[in-house]
Amino acid sequence: MKFLHTSDWHLGRQFHNVSLLDDQQAVLEQIIAYVEQNPVDALVIAGDIYDRSVPPTTAIELMNHFIDKVCGELSLPIILIPGNHDGAQRLGFAASQMKNSGLHILANFDDMLTPVVIASDVGEVAFYGMPYNDPELVRHYYQSQLASEPDASAVSIKDHDDAHKLLSERITAQFNPKQKNVLISHCFVDGAIESESERPLSIGGSDRVSHQHFVPFDYVALGHLHQPQKKGEEYIRYSGSLMKYSFSEQHQAKGMTLVELDQDGFKSATHISLTAPHQMRIIDGEMEAILAQGKSDPNRHDYLLVRLQDKHAILDPMEKLRKVYPNVLHLEKPGMLIGVDQQLGKARLARGELDMFKDFFLEAKQDSMTEAQEQAVSQVIEQLTRHTEA
């Protein structure tokens, strides 16, 4: 039994006001191509299908095209849950009618206890979807049931860990001993590695969840964290995001996870690489060297953060950079304060009006100021300083 584990598509996302939809479409086409060439039994999406609860029309159209191709033409079941970026009720609209077409949206706690059962060469595999939740929602939904527990005072939902413990217990109570069991969840497992592009689930660490609640399952397909990783057990895994969504992810291997189950349960998890047309990269160096590098860089259209190490002011640095790297999205200038602490840097700026104007003149005219020009500018600066002090 083989299935694909993906998560955190964030369809419709923008990065520094640039739409990533074309890149997302290219990556989804790679998933389709893989499925066409490598038959699998199901495709799992562990939340954050869209980047916000009310996604743009273009993102919905892209998802619709993907479902038509995968569920319609390739007859491959898709099983998904909402993440913290998704609107669960909107995502789950008409879910019961979509099951017959092969699209299974497990968007609420009732769906959670009714698994999607797929027959395979290792017997039936039950896919349980635990939609993204917070402690308040779980507490409200199970309020009457908790009150009727034999020791109700001992059952409390204070944080995300308590909520996931309760939900996992509710699911495992439904287990059929003749079936393999897969859990799909969108949460932050304690100790896992974060990325800058993830939206926090709570403040102060109360969103952390112990992996121990997931041990009874044969495989746990996690979403929310954007770096592919395992936590606690080999079979408790994050597939990572569909593509890179921040410069902090420049060295992360993006893709999906091919999961294989056998008669004993979990057998293997294999990373399948997916590559977006534009990568996220950080380039560090001086302007002259970066411009020279850009003329022959085969990946010059990547999305870039440039850190200039030049110690002098440069006129219109972004315009210069974009002549060779058209997709520079962010610029930092750490070189301006290299070798000086904050107080010394402030002092440098306070005394350096003439020096900064000389840098500006050199950039604008491509020539140094004459002695007479320096004297004229110095007189203007002195006059302005006296006027300000008066």
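Start by selecting arginine 208 and phenylalanine 188: the arginine lies over the face of the phenylalanine ring, at 3.9 Å from the ring centre. To count as a charge over a ring, NZ of Lys or CZ of Arg must be within 6 Å of the ring centre and within 35 degrees of the ring normal.

Before you click on, note that this is a predicted model, where local features need pLDDT of at least 70, side-chain atom pairs count only at pLDDT 80 or more, and totals for chains, interfaces and linings use all residues. Residues are numbered from 1 along each chain as its sequence is written, and side-chain values use heavy atoms, with hydrogens and water left out.

**Ring pairs**

How many aromatic pairs does a search of the whole structure find? The count is 11. Rings of Phe, Tyr and Trp (its six-membered ring) pair if their centres lie within 6.5 Å; planes under 30 degrees apart are stacked, over 60 edge-to-face, and the rest tilted.

Select phenylalanine 3 and phenylalanine 127. Their ring centres are 5.1 Å apart and their planes sit at 85°, so this pair is edge-to-face. Phenylalanine 3 is in strand 1 (residues 2–6) and phenylalanine 127 in strand 8 (residues 123–130), 124 residues apart. Strands here are DSSP runs of E, at least two residues, and helices are runs of H or I, at least four, numbered from the N terminus. Phenylalanine 3 has 0% relative accessibility, so it counts as buried, and phenylalanine 127 is buried at 0% too. (Buried means under 20% relative accessible area, exposed over 50%, partly exposed in between, using a 1.4 Å probe and protein chains only.)

**A loop at the surface**

Next, pick aspartate 264, in the loop between strand 15 (255–262) and strand 16 (265–273). Is aspartate 264 buried or exposed? It is exposed, with a relative accessible area of 74%. Leaving out residues up to four places away in sequence, aspartate 264 touches Lys180 and Asp218; contact means heavy atoms within 4.5 Å. Show valine 122 as well: its C-alpha atom is 8.8 Å from that of aspartate 264, though they are 142 residues apart along the chain.

**Zoom out**

Finally, colour the chain by domain: domain 1 (2–273), domain 2 (280–336) and domain 3 (351–387). These bounds come from an automatic or database domain assignment. The C-alpha centres of domain 1 and domain 3 lie 60 Å apart.
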